[in-house]
Amino acid sequence: MLRGSEMIKCLICRSCSQMHQPPDYNPENPLRIKVLQRSLHLRRVCEEIDVSIVSDHFYMLYRVHDKNYVENMLKRLKTVRKPVYLDEDTYIEPTTIHAVRETLALLAYGVELLSSRRCRHVIALVRPPSHHAGRRRFGGFCIFNHSAAATASLLDSYDFIAVLDFDAHYGDGFAEIFYEDDRVLYISLHEDPRYMFPYRGFPEEAGRGRGLGYTVNIVMPKGATDKHYHRAFDEVLCPLLDAMKPKAIVVLLGLDTHWKDELTDINATLNLYADIGRLVRRYSLSLTVLEGGYSLWVLPRGIANYIAGLKGEEQPYREEEYPAPLEVDRRFERFIDRTKKVIKKYLRIDL
Ligand SMILES: [Zn+2]
């Protein structure tokens with residue numbers, strides 16, 4: 001029997017608050033983790049573990065990436081002398097390798113806690129984000145897909161996993177990696193891909209081969225609010241999880257859905273993160289990995305609310321919600337109908 005204090009473990013990647021520094025202003029920078037380390041709320045509940053001395057876990061990457069991609073990128077990370085941009089968002093520099101190494105070690109530890117059932121819920125506060133990195137490509141701040149690597153490791157103990165991607169952007173790399181896999185049910189809620197990077201993630205992109213139906217895309221219109229997320233939870237996400245009965249949940253937690261975040265046009269409040277925590281609490285086992293979220297005001301408050309929700313405690317931060325224009329409701333309606341049709345067609349579940 002697990003005691004209350006052992007139910008949830010929140011781990012912060014220490015190197016991630018210092019290493020992998022952008023050459024110039026970039027919203028994806030070490031301050032994102034530093035503000036989490038410094039938050040009084042989080043200090044009480046999170047643990048910084050020193051994994052810098054443990055052995056390398058780069059082997060985890062080979063399970064989800066092409067061998068040549070891993071080898072070439074690791075070689076680049078080990079030899080890079082000054083910060084360079086790989087594309088307009090994604091950079092690497094001489095200390096990036098340390099952030100990658102510690103992130104993987106921390107996730108390996110988290111997976112081990114869950115596989116041995118020493119913990120029910122593990123939260124990994126790491127960076128850079130990872131869900132845009134595909135089998136043989138980087139992009140959107142992401143170099144390696146460590147979330148996918150952790151999911152692949154968790155599959156050794158739990159043979160059917162649901163991945164809930166709450167980041168405002170579609171996790172195109174994550175979806176690609178498991179696109180033909182029926183052991184991973186990938187459900188993403190993301191901003192309308194007609195206008196938002198990575199311009200993919202329409203409801204009809206539902207998987208291939210054995211994985212057909214196992215990629216579920218719930219499109220949120222520009223200007224969507226908490227109310228639209230609640231409807232997506234009640235009408236699709238929760239009934240789908242109830243029907244599919246995953247053995248473990250992986251949460252890709254992006255806080256760039258907040259109205260203050262400048263990278264997206266979703267208008268969620270801090271309340272949503274507590275709601276997501278409460279939703280995940282219903283399931284017996286979860287690994288949460290921090291993905292996006294670039295407002296240094298939102299990050300510590302959003303994570304504190306998420307953890308409170310996951311613990312079944314009162315959320316420390318509350319925000320007033322404003323109604324969205326009627327047009328946003330109409331767009332949401334059209335998108336969610338498309339998602340329901342796809343689920344009915346391939347998974348034969350009538351929502
Ligand atoms: Zn994002």
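Before I use the word "opposite", a definition: I count two strands as paired if DSSP finds at least two bridges between them. I also remind myself that this is a predicted model.

Entry 1: I find 8 strands in an open sheet, ordered 2-1-5-10-9-6-7-8, with parallel pairing. At the edges I have strand 2 (46-48) and strand 8 (215-220), each of which pairs on one side only.

**Entry 2: strand 9 and its partners.** Which strands pair with strand 9? On one count I get strand 6 (residues 161-165), parallel to strand 9 over 5 bridges. There, Ile-161 has Ala-248 of strand 9 as its bridge partner. I also get strand 10 (residues 286-290), which pairs with strand 9 in the parallel sense over 5 bridges. In that pairing I see Ile-249 opposite Ser-286 of strand 10. The link between these two strands is worth a note: strand 9, helix 9 (residues 271-281) and strand 10 make up a right-handed β-α-β unit.

**Entry 3: buried or exposed?** I checked the cover on strand 9 (residues 248-253) next, and 6 of its 6 residues are buried.

**Entry 4: onward from strand 6.** I followed the sheet to strand 7 (residues 184-191), which pairs with strand 6 in the parallel sense over 5 bridges. Here I find Ala-162 opposite Leu-185 of strand 7. I then looked for a helix over this part of the sheet. Helix 8 (residues 226-244) lies across strand 6, strand 7 and strand 8, and I note that it runs at about 175 degrees to strand 7.

**Entry 5: a helix pair.** Last, I turned to helix 2 (residues 31-38) and helix 10 (residues 298-311). How do they pack? I read an angle of about 55 degrees, with the axes 8 Å apart. Angles of 65 to 115 degrees would count as roughly perpendicular and those under 35 as roughly parallel, so I call helix 2 and helix 10 oblique to each other. Helix 2 passes helix 10 in a right-handed crossing. For the contact itself I list Arg-32, Val-35 and Leu-36 from helix 2, and Leu-299, Pro-300 and Ile-303 from helix 10.

Conventions. Residues numbered from 1 in each chain as written. Predicted model: local features only at pLDDT ≥ 70, side-chain atom pairs only at ≥ 80, totals over all residues. Buried ≥ 20, exposed ≤ 12 C-beta atoms within 10 Å, placed from the backbone. Helix = DSSP H or I, 4+ residues; strand = E, 2+ residues; numbered from the N terminus. Right-handed = clockwise from strand over helix to strand, strands pointing away. Axes fitted to C-alpha atoms, helices over the stretch in contact; angles between N-to-C directions. Parallel < 35°, antiparallel > 145°, perpendicular 65-115°, else oblique. Left-handed = near helix turned anticlockwise from the far one by under 90°. Contact = placed C-beta atoms within 7 Å.
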